[in-house]
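Open the model in your viewer and keep the selection panel at hand. This tour goes stop by stop, with something to select at each one.

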Amino acid sequence: MDKKTQAYLDFLRFSINENTEVPSSAKNIDWEGLLQFGTKQCVRGVLFLGMKKLGTTNNHPSFEQLGQWLASVSAIKKANVQVYRDASLLTRVFKKETGLDSVVLKGQANAIKYPDPYIREPGDIDLWTMASTKQAIRWVRSHDPKANIEYHHIDMRGLRTPVEVHYVPSFVGNLFYELRLRHYFKKEKTKQFGNMATLPDGLGEIGVLCPQFDCLFQLSHMMHHFFFEGLGFRQVIDFYYLLRSMPTIDKGIMAEVKRLNMRKFTAAMMFIMHDILGLEEEKLLCEPDSKIGTMILEEMLHAGNFGYHDDRYEFSNLPLWRQYLLETYRNFHFAKTFPSETVFGRPLSRFWHAAYKLWLSSVAG
């Protein structure tokens, strides 16, 4: 890893740890490069937490660079206010029209765990409900007749924030382990509803997941994105704050992790949590794996948030069959470490996904 990138990671660690001293690498840090790193990884607001902690004797960004940061942070806060309002409104409307509860997956449910609830860069709203798959699709179609049906969610327009209404919280590429994951979601589903969280500054309420379930969900979600599009630091920082928010770590989580074949990925994440981000050992789920963790870290640094900055693979404007071949080729680079996902999983499950989406469209009516 080059010195510039190491300095950016040092500063990220400093930003999210309240009692950490300013890293020595900050003396010569490239502030313009740090802003680009934050943009690529979708963590500009998080890095600004560190900038506010800089002492008077340390290297500081120029007036113009500081203006760029302040403009970014202001825009992030404004976007968060809108997404909080929309998430609360969506929660209320769904309850009023169906009589059923819902939870917000990741997104604003993660944002309220940050030291500043307006500093996370928001995306869309992911809503999981007590409704059946057919009920969820028909409810969305009643508001958005042209709503697009995906494998585990249906898109919904109508609010200023894009919405995905989920029938299943997440999935993995290997169908055998996805069946186990779906069984776990179904078994634990009723426990997840009715846990309401108050949003900041009177912006409303949303339903949130129980912490242990949230851990497994976010691990599966990160693993999916690592193989599908790309994994960035925004999702990883979300997981960092989730682990920090838990009073105690239930080691029983690892029994489910192993049953779902996510042990290697989880151990790699623990390396990033501890060695890169500075999470305390007592908050780790298992022993870190530095070898796999370093491999995943290198991919994250190269690809950025959702793989948008990966110049090695160009998926846009390709027909579906070429996207499939390119994704398969990309994932074969990880075949030795993750064979169940890359060799025996995703190359086959893509055909099942297409067939299942077709079936969902037919039952939607």
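Start with the salt bridges: this predicted model has 15 of them.

Select Asp 30 and Lys 4. Their closest N and O atoms are 3.2 Å apart, and the two form a salt bridge. The pair links distant parts of the chain, 26 residues apart. Lys 4 sits in helix 1 (3-16), while Asp 30 is in the loop between helix 1 and helix 2 (31-41). Asp 30 is partly exposed, at 27% relative accessible area. Lys 4 also counts as partly exposed, at 49%.

Next, select Arg 259 and Glu 256. This salt bridge has its closest N and O atoms 3.3 Å apart. Both residues belong to helix 10 (residues 253-259); they are three residues apart, so about one helical turn separates them. Buried or exposed: which is Glu 256? Glu 256 is buried, because its relative accessible area of 12% is under the 20% cut-off. Arg 259 is partly exposed, at 29%.

Together with Glu 256 and Arg 259 they make one network, joined by salt bridges that share partners.

Move on to Glu 341 and Arg 346. Here the closest N and O atoms of the salt bridge are 3.0 Å apart. Both residues are buried.

Turn to the surface and select Phe 332, Val 343 and Phe 344. They form a nonpolar patch with about 300 Å² of accessible area together. Phe 332 lies in the loop between helix 13 and helix 14 (339-342). Its relative accessible area is 43%, so Phe 332 is partly exposed.

Now for the pockets. Select Phe 228, Glu 229, Gln 323, Glu 327 and Arg 350. Among the 41 residues lining the largest pocket, these lie nearest its centre. Strand 4 (163-166), helix 8 (211-228), helix 9 (233-245), helix 13 (320-331) and helix 15 (346-364) each give two or more residues to this lining. Which element gives the largest share? Helix 13 does, with six residues. The lining has 13 nonpolar, 14 polar and 14 charged residues. The space inside is about 1,500 Å³.

Last stop: the second largest pocket, with about 240 Å³ of space. Select Tyr 167, Val 168, Arg 182, Lys 186 and Lys 189, the closest to its centre of 13 lining residues. Then highlight helix 7 (residues 175-188), which supplies the largest share of this lining, four residues. Colour the lining by class to see seven nonpolar, three polar and three charged residues.

Conventions:
Residues are numbered from 1 along each chain as its sequence is written. This is a predicted model: local features need pLDDT of at least 70, side-chain atom pairs count only at pLDDT 80 or more; totals for chains, interfaces and linings use all residues. Side-chain values use heavy atoms; hydrogens and water are left out. On a 1 Å grid over the protein atoms alone, a cavity is a set of points where a 1.4 Å probe fits but cannot get out, and a pocket is an open set with protein on both sides within 12 Å along at least five of seven lines; lining residues have an atom within 4 Å of a point. Grid points are joined across faces, edges and corners, and a volume is the space filled by probe spheres set on the points. Ala, Val, Leu, Ile, Met, Phe, Trp, Tyr, Cys and Pro count as nonpolar, Asp, Glu, Lys and Arg as charged, and the others, Gly among them, as polar. Patches are made of residues with over 30% relative accessible area and no salt bridge: like charges are joined within 9 Å, nonpolar side chains (Val, Leu, Ile, Met, Phe, Trp, Tyr) within 5 Å. Accessible areas come from the Shrake-Rupley method with a 1.4 Å probe; for residues, only the protein chains shown count as cover. A salt bridge is a side-chain nitrogen of Lys or Arg within 4 Å of a carboxyl oxygen of Asp or Glu. Buried means under 20% relative accessible area, exposed over 50%, partly exposed in between (1.4 Å probe, protein chains only).
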